[in-house]
Structures are given as structure tokens and as C-alpha cells.
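Here are my notes for your review. Please read them with the coordinates open.

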Amino acid sequence: MTATYDVVAIGNAIVDVIASATDDFIVAERLSRGSMQLIDTDRASELYARMGPGREVSGGSAANTIAGMAALGRRCAFIGQVANDQLGDVFAHDIRAIGVDFRTPTRHAEPPTARCLILVTPDGQRTMNTFLGASQFLPAAAIDRNLIAESSILYLEGYLWDPQEPRAAMRTAIEIARQAGRKVAFTLSDAFCIARHGDDFRKLIDDGLIDILFANDSEVHALMGTDDVAGAVTALSVKVATLVVTHGANGAEAHSSGNHARVPAEPVDKVVDTTGAGDLFAAGFLAGQAEGRTLHDSLTMGAICAAEVISHYGPRPEMDLRLLVDARLS
């Protein structure tokens, strides 16, 4: 059956609150610099009160990837839970305004819509503090069977595997995609997700339920339990049809059906904020694959998108990604 959408993603529906911070502030708040940690309602209120002036931008890992793909002209849909509140309205408006199909019913109950308090230090490194709020109550009933069956790829984020209800919803989505003959893509999201759910992730991989896997160096290390990242990548590459591994400033590589490609990172005048770098890399790579491009060109598209997003605050592209890609690969 011909697909209506290139990708449908399931992820946290989050509004990011981004503010500059000093290294001293990170230390004083006992935060793990450059990491993502989950926080509760009280801690979210406390940290928000101590942050400097911030800007609100709709975010969430998988939602950022979908936003990037939409900016590249791909047909996308998103499934994620928001509450019936101001931030929920902001998220829904933002994602629909960029042409993404978003149908998930609003939740009329506490807690409020999720938000991520992002502190960016002078070197562009981001420390994320996430209050999952309503997003962790995405029910299996919200999974649109037709939407998944009509999408070439189902894209899932590891962050959302933590709460029980959306984890069950994502398992249901995987079953639907498999029954419809669609591919399943998965991003490991963060080493802390692997620390909590590594056995689940490894089983999904070993059972052949993941067709495209996205990871970075620390995630590969955590998943495979070795400091030998190169060896871990090689071992992992035989377990999934397509493996994409980002190496930060050292570029990225992909393995697929015995083929291998590697590209350097795209040059950036100044790294302002690394929020969303991996998300936009995935957007570029998946868009390249949807366009029938080679592994090398798909990786290059990912690197272009990542370079654009780290050159400014916020996890969503501000420049025309299509123009950037066409100028580079035409």
C-alpha cells in the first residue's frame, strides 16, 4: 500500500524553556552538565524560578525530528499527549503550523503539559531538566492505527519509554507497524534511558523489531557495555538493518545491508546551543532516505541540519533547510 506519510513519530510533546546559565549556576544547582534528567513538579517550579530570562519553543525529541523533516518538505505526522492548558495550545499550534498532522486528543486532567528547562552554558552545551507532565500519560487508545499503517516509517524516541503508559502505547504502535509492513525507527535518546531500560531496548533489537537505530557514542557504549565504541558499533551493525551513529564534532557514520559511510561534521561559525542536534540529524538522514539518497548523502543531510540548529538557540530550524541541503548536494 502506498504511504500517505513518510514518517509518523511518537514522542514527548514538550515545550522547551531555554535560558543562558553560567557553569557556576550548573554546579550550584547540583546539575549534571550536558545531561538530561527528569524532574518532578516541585523541582520544575523551583528551578524555573531560579533560571534567568528564557524563551519558550515547542520541542520534544521526536517532535523536533518531525519538524526538521517537515522543513525539508517531507510528509509527517506526530502522536503525543498535551494537556488542556496554555502550553498544550502552544505545542499543538506550533506543530500544525509547520504542516505536521497532529490529531492526539487533548487530556483534560492533571498534570499540565510537559516542559523542559534547558540551561545553556557559554560553550553552547545544554543541560536539560525535563518535567514530563501530561506526555507520560499517552494511552494506547491514542495510537491511531490508520495513521501508522499509512506511514512508511514509525519513529520512536527512547525518552518516552520511561513512563509505563506510553511504553505500552509504543509497543502497540510497533505491532501495528509490523502488521502493516512498515519500518520501525528508534532513537536511544540518552544513556540514562539505556541504564533504566537497556534490557528492553536490547530485546527489541534482538527480536528484529527495529529497522533503523539512531545512537551516539555514549549510547552505544551504554547499550553494548564496552569502552570500545568502534567495536561496539561493528557488533551492533549486524543486529539492525540500518544503524546510524553520531560522533559529535567527529561526524557520523551509518551501516546498512553491508554498506558503510562516514561523513565529517559540517563547519559552524559558533556553537550557540546544542539542543536538538541529534534530533535534527535524524531528520536530515530520514529525509535523505525518503528521497532515495545514498547513505553518504543522507548522512550529509543530517550533518547540515544539525549544524543549522546548533548555530542558534532552540531545537527547531530557523533557516531554510531545503535551501541549505540543495546548495550542498545539488
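Predicted model: local features only at pLDDT ≥ 70, side-chain atom pairs only at ≥ 80, totals over all residues.

The points below cover the sheet, its helices and the cysteines.

1. Every value here is computed from it.

2. Nine strands form an open sheet in the order 6-5-1-9-10-11-12-13-14. The pairing is mixed. Strand 6 (101-102) and strand 14 (259-263) stand at the edges. Each has a single partner strand, so one side of each lacks a neighbour in the sheet.

3. Strands 9 and 10. Strand 9 (residues 151-157) runs parallel to strand 10 (residues 183-187), and five bridges join them.

4. Strand 12 and its partners. Four of the five residues of strand 12 (residues 242-246) are buried. Strand 11 (residues 212-216) pairs with strand 12 in the parallel sense, over five bridges. Here Ala 215 stands opposite Val 245. Strand 13 (residues 252-256) also pairs with strand 12 over five bridges, but in the antiparallel sense. Leu 243 stands opposite His 255 in that pair.

5. The hairpin. Five residues lie between strand 12 and strand 13. Among them, Gly 248 takes a positive phi near 60°.

6. Helices on the sheet. Helix 9 (residues 229-237) lies across strand 11, strand 12 and strand 13. Helix 9 runs at about 160° to strand 12. Helix 11 also packs on the sheet, where it touches strand 12, strand 13 and strand 14. The direction of helix 11 makes about 30° with that of strand 14.

7. Helix 10 against helix 11. Two packed helices are described by the angle between their axes and the distance between the axes. For helix 10 (residues 277-290) and helix 11 (residues 295-309), the angle is about 145° and the axes are 7 Å apart. The crossing is right-handed. Contact residues include Leu 280, Phe 281 and Gly 284 of helix 10, and Leu 299, Gly 302 and Cys 305 of helix 11. What is the make-up of this contact by class? It has 12 nonpolar, five polar and no charged residues.

8. Cysteines. How many disulfides does the model contain? The count is zero. A disulfide needs two cysteine sulfur atoms within 2.5 Å. For Cys 76, the nearest cysteine sulfur is that of Cys 305, 12 Å away. Cys 76 is buried, at 2% relative accessible area. For Cys 116, the nearest is that of Cys 193, also 12 Å away. Cys 116 is buried too, at 4%.

Technical notes: Residues numbered from 1 in each chain as written. Heavy atoms only, no water. Buried < 20%, exposed > 50% of the residue type's maximum accessible area, 1.4 Å probe, protein only. Axes fitted to C-alpha atoms, helices over the stretch in contact; angles between N-to-C directions. Helix = DSSP H or I, 4+ residues; strand = E, 2+ residues; numbered from the N terminus. Left-handed = near helix turned anticlockwise from the far one by under 90°. Contact = heavy atoms within 4.5 Å. Nonpolar A, V, L, I, M, F, W, Y, C, P; charged D, E, K, R; others polar. Pairing = 2+ DSSP bridges.
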